[in-house]
Amino acid sequence: MSEVNKRQDEIVEEFSVFDDWMDRYSYLIDLGKELNALPEDKKSPQILIKGCQSQVWLSSELKDGKIYFEADSDAIITKGIVALLIRVTSGLEPQEIMNAELYFIDKIGLRENLSPTRSNGLVAMVKQMKMYGLAYHTKLNN
Amino acid sequence: MQAKYLDKIIVTFVLELNKELITSEMSIDIQKIRSDFPILAEKIYNKPLVYFDNAATTQKPQVVLDKLIEVYTKYNSNIHRGVHFMSNKATVETEEARNVVQKFINANQSCEIIFARGATEGINLIAQSFGEKYIFENDEIIVSEMEHHSNLVPWQMMAQKKKAKVIKWEFTDAGELELDTLKNLITSKTKIIAVNHVSNSLGTINPVKEIIEIAHQHNIKVLIDGAQAVQHIKTDVQDMDCDFYVFSGHKIYGPTGIGVVYGKEHLLEEMPPYQGGGEMIENVSFEETTFNKLPFKFEAGTPNYADTIALAAAIKYISEIGIDNIAAYESELLHYGEGKLKNIPGLKFIGTAKNKTSVISFNIDGLHSYDVGMILDKMGIAVRTGTHCTEPVMIHYGITGTVRASFAFYNTKEEIDKLYDGLLKVVEMFA
């Protein structure tokens with residue numbers, strides 16, 4: 001099993017203990033609060049993904065052939081999902097991120113947060129993560 | 001022990017009596033009304049739906065749904081110029097709908113009523129057509145700071161085309177437009193003022209009659225965006241003397257995709273058509289086209305007759321209940337809601353105008369509107385969050401969005417209690 005799927009399955013396992021939405025969201029809120037906020041000076045317009053509901057900031061760094069993400073959001077629930085997305089993708093090789101199929105959101109019952117109509121910045125964030133994967137992959141192979 | 005029991009009975013009796021008194025004061029039958037709207041019986045996540053997103057769109061009473069089915073099952077046929085029975089019937093119903101709208105907003109003539117896709121298309125129509133004829137380089141268009149993007153962007157586009165300027169009319173922190181501020185903005189270059197009757201994000205009812213009076217003293221035309229007004233308060237275009245008035249069908253319990261543009265006849269006569277095509281022509285040759293008379297000049301293509309006819313059914317429905325009764329009941333909901341919600345710790349109202357419709361915009365200290373809306377949704381409570389297509393309003397207050405609960409006459413105080421309880425839960429969850 002790929003590393004990205006192993007990480008996703010871990011999250012699915014964690015969420016399986018919650019039997020109602022309130023527990024799921026409370027956990028998400030905790031994750032959102034625990035995620036280190038990006039310092040204000042790092043939240044530049046260049047890394048801002050603007051949704052009309054909430055905003056997401058996503059920065060990336062390539063170290064030893066692997067991509068490391070840092071991200072933040074102004075909404076806590078969005079930030080909780082951001083934390084999960086980072087947990088799944090950060091520290092992986094560009095190609096793995098590029099090709100990752102992110103199924104865990106669906107499986108943990110947070111699908112509505114990732115629908116294109118939500119405009120909370122998350123759909124664009126996933127796209128952006130994959131773009132970084134593609135960009136770094138191209139860079140490393142040239 | 002017995003005396004205590006008796007006390008309880010008396011208290012219960014008095015409470016019931018009060019309830020009855022309150023109910024009898026209200027001149028609308030809420031249970032009957034709720035049963036007119038089938039969607040209100042829906043469950044969301046297995047909880048009864050509490051629909052507080054009425055400023056975005058309203059639900060449809062059965063009579064409107066029935067009317068749509070009637071059109072499509074009994075006499076669906078392209079209107080005007082048809083020689084056969086069904087075309088004639090559909091035409092008569094459509095033109096009757098125009099008369100219903102005319103009476104509803106008290107326009108002088110039915111040819112002053114133009115059907116469009118919605119308020120947005122209506123404003124685009126006026127901005128393009130009026131602008132084409134009357135706006136020139138360096139002219140000024142005054143637009144209030146509390147407009148929906150639909151009443152700002154079309155003017156920006158027109159201004160850009162004609163090298164004219166859009167002038168911002170700022171509102172006060174309470175969310176009110178001041179007439180003195182307007183007077184200072186008016187110049188000899190001002191051609192038109194575009195302002196809403198009621199603000200969608202703040203609920204402010206603007207003093208449109210006074211605005212129009214001031215404008216007309218300077219020979220300036222006025223467009224009123226009535227998308228948030230006609231379903232809540234009595235609208236009389238002749239009394240307010242506006243030059244143009246627009247509203248949307250779906251916000252007044254009618255179908256989506258239909259809207260109304262009112263314009264004074266002599267202005268509409270002088271203005272060029274907005275779009276070309278069928279219906280709007282009189283004669284066409286390759287050398288020359290002459291345009292149809294009002295209102296058809298502005299209705300290019302096959303009109304949306306089915307939704308037009310159903311819109312008339314919606315207007316008839318609320319007219320029977322009575323717009324004044326609706327206004328009174330909704331005002332009661334507003335005051336009840338404000339009285340209740342102000343007890344939520346850290347809650348701040350955005351928009352505290354003296355004169356408001358049943359819209360409550362708010363934020364809770366330390367909470368993002370999206371987070372609040374997400375959790376309320378899980379409880380079956382539908383509110384809107386974000387900028388409400390009024391980014392300049394958010395910029396004014398230095399915020400990124402609000403939570404907006406907007407009530408309609410089918411909502412109840414019990415539902416507001418659910419919102420209150422829901423918000424307490426939200427505060428607890430994020431604490």
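**View 1. Chain A on its own, with six helices and three strands**. Helices here are DSSP runs of H or I with at least four residues, strands are E runs of at least two, and both are numbered from the N terminus. Follow the sequence of chain A and you get α-α-β-β-β-α-α-α-α. This is a predicted model: local features need pLDDT of at least 70, side-chain atom pairs count only at pLDDT 80 or more, and totals for chains, interfaces and linings use all residues. Residues are numbered from 1 along each chain as its sequence is written, while chains are lettered from A and ligands numbered from 1 in the order written.

View 2. Of its 142 residues, 35% are buried (20 or more other C-beta atoms within 10 Å of a residue's own, with C-beta atoms placed from the backbone). Along the principal axes, the C-alpha atoms of chain A fill a box of roughly 50 × 40 × 25 Å.

**View 3. Where chain B meets chain A.** Chain B puts twelve residues into the contact and chain A 13 residues (contact: C-beta atoms, placed from the backbone, within 7 Å). On the chain B side, H13 (369–378), E16 (384–386) and H15 (413–430) each supply at least two residues. H13(B) gives the most, with five residues.

**View 4. H3(B) (residues 62–75) against H11(B) (residues 305–321)**. Their axes, lines fitted to C-alpha atoms over the stretch in contact, come within 8 Å and cross at roughly 150 degrees. H3(B) and H11(B) are therefore roughly antiparallel (over 145 degrees, with angles running from 0 to 180 degrees between N-to-C directions). Residues making this contact include B:Val63 and B:Leu68 of H3(B), and B:Ile309 and B:Tyr317 of H11(B).

Key
Contact = placed C-beta atoms within 7 Å. Parallel < 35°, antiparallel > 145°, perpendicular 65-115°, else oblique. Buried ≥ 20, exposed ≤ 12 C-beta atoms within 10 Å, placed from the backbone.
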